[in-house]
Amino acid sequence: ERLGRPVRFRVAALDYLTGKNPHLEGVRLIARPELEALLGHVQTDEVTSLFTRRYFNERIGAELNRARRYGNQLSLLILDLDGFKKVNDELGHLTGDALLRRIGRMLREKTRQSDIPCRFGGDEFAVLLPETTNSEAYSLAERIRIAAAEESRSEINGRRLSELGPGFPFGVSIGGATFPADCEEPEELVTLADRLCLEAKKAGKNRVLMSGDVRHQTDDGGRTVKARPKNG
């Protein structure tokens with residue numbers, strides 16, 4: 001009344017939390033565009049322009065709860081680049097970063113707008129796939145694997161990965177799992193997909209191992225690879 005104008009809830013709440021009952025210190029009002037830019041910086045990996053691990057951790061629980069509520073499936077792919085350490089060691093970290101940017105762009109191009117591709121850490125990536133079956137996730141993983149292998153034949157910062165030796169094995173190993181068939185909680189989904197990714201690397205790299213029905217996939221050496229069944 002003393003101000004002679006209506007005071008909306010936002011102003012009243014800020015006055016209460018900074019004055020009458022001070023719970024906040026150093027409060028600063030910022031415009032919505034600035035807030036959105038700040039959130040984008042926190043949520044986006046600066047090298048690959050994919051979502052960050054922190055954003056992934058926030059979303060996986062929400063997506064799994066949504067899948068549980070509506071009776072949908074939720075799949076997860078964990079990807080690890082094969083031979084990336086050698087790229088960094090012999091061609092330099094600038095070339096390594098350029099390669100990571102290409103992988104990030106490729107993941108954005110191969111996934112849907114509703115999917116959540118993230119840089120999981122270092123040379124490891126994750127793709128969260130809402131409303132996606134195990135079979136559909138496998139098909140996407142194969143497309144990603146083939147596209148990543150093609151990068152070994154491309155030029156990056158004026159260098160080719162083939163310079164690292166004949167048949168240099170750059171590619172991507174992928175493990176995948178699906179809720180609710182394979183797990184009950186987000187941590188279980190991540191653990192299983194990550195374990196299958198590690199098994200793919202141990203089995204010879206550049207291949208996909210899924211948690212669902214047995215998959216057959218031929219690697220670049222012409223060998224047929226079997227992924228173990230989800231109950232194996």
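Where is serine 49 found? In this predicted model, serine 49 is found in the loop between helix H2 (32-43) and H3. Its phi is near 65°, a positive value in a residue other than glycine. Serine 49 counts as partly exposed because its relative accessibility is 44%, which falls between the limits of 20% for buried and 50% for exposed.

A second residue with this backbone feature is asparagine 206, which has a positive phi of about 50° although it is not a glycine. Asparagine 206 is found in the loop between H7 and strand S7 (208-210). At 11% relative accessibility, asparagine 206 counts as buried, because buried means under 20%.

The peptide bond from phenylalanine 179 to proline 180 is cis, with omega near 10°. Proline 180 is found in the loop between strand S6 (171-179) and helix H7 (186-202).

The chain also brings together residues that are separated in sequence. Aspartate 97 and valine 47 are 50 residues apart along the chain, yet their C-alpha atoms are separated by 6.7 Å. Aspartate 97 is found in helix H5 (residues 93-110), and at 28% relative accessibility it counts as partly exposed.

Next come the charged side chains. A search of the whole structure finds 11 salt bridges. One of them joins arginine 54 to glutamate 58, with the closest N and O atoms 4.0 Å apart. Both residues lie in helix H3, four residues apart, which is about one turn of the helix. Arginine 54 counts as exposed at 56% relative accessibility, whereas glutamate 58, at 48%, counts as partly exposed.

Lysine 85 and aspartate 89 also meet through their side chains in a salt bridge, at 2.7 Å from N to O. These two residues lie in helix H4 (residues 84-91), again four residues apart, about one turn of the helix. Lysine 85 and aspartate 89 are both exposed.

In helix H7, glutamate 199 and arginine 195 are separated by about one helical turn because they are four residues apart. They form a salt bridge in which the closest N and O atoms are 2.8 Å apart. Arginine 195 counts as partly exposed, at 38% relative accessibility. Elsewhere, salt bridges that share partners join Arg59, Glu63, Arg66 and Glu131 into one network.

Rolling a probe the size of a water molecule over the atoms shows where empty space is left. The count comes to two cavities of 30 Å³ or more, and the second largest cavity holds about 40 Å³ of space. Which residues line the second largest cavity? The lining consists of Glu63, Arg66, Ala67, Asn72, Gln73, Leu74, Pro130 and Glu131. Helix H3 (residues 53-70) gives the most to this lining, with three residues. By type, the lining residues divide into three nonpolar, two polar and three charged.

Finally, the surface has a nonpolar patch formed by Leu3, Val7 and Val11, with about 260 Å² of accessible area together. Of these, valine 11 lies in helix H1 (residues 9-20). Valine 11 is partly exposed, with a relative accessible area of 45%.

Conventions: Residues numbered from 1 in each chain as written. Predicted model: local features only at pLDDT ≥ 70, side-chain atom pairs only at ≥ 80, totals over all residues. Heavy atoms only, no water. Patch = residues over 30% accessible without salt bridge, like charges linked within 9 Å, V, L, I, M, F, W, Y side chains within 5 Å. Areas by Shrake-Rupley, 256 points an atom, 1.4 Å probe, with all protein chains shown as cover. Buried < 20%, exposed > 50% of the residue type's maximum accessible area, 1.4 Å probe, protein only. 1 Å grid on protein atoms, 1.4 Å probe; cavity = no way out; pocket = protein on both sides within 12 Å on 5 of 7 lines; lining within 4 Å. Points joined across faces, edges and corners; volume = space filled by probe spheres on them. Nonpolar A, V, L, I, M, F, W, Y, C, P; charged D, E, K, R; others polar.
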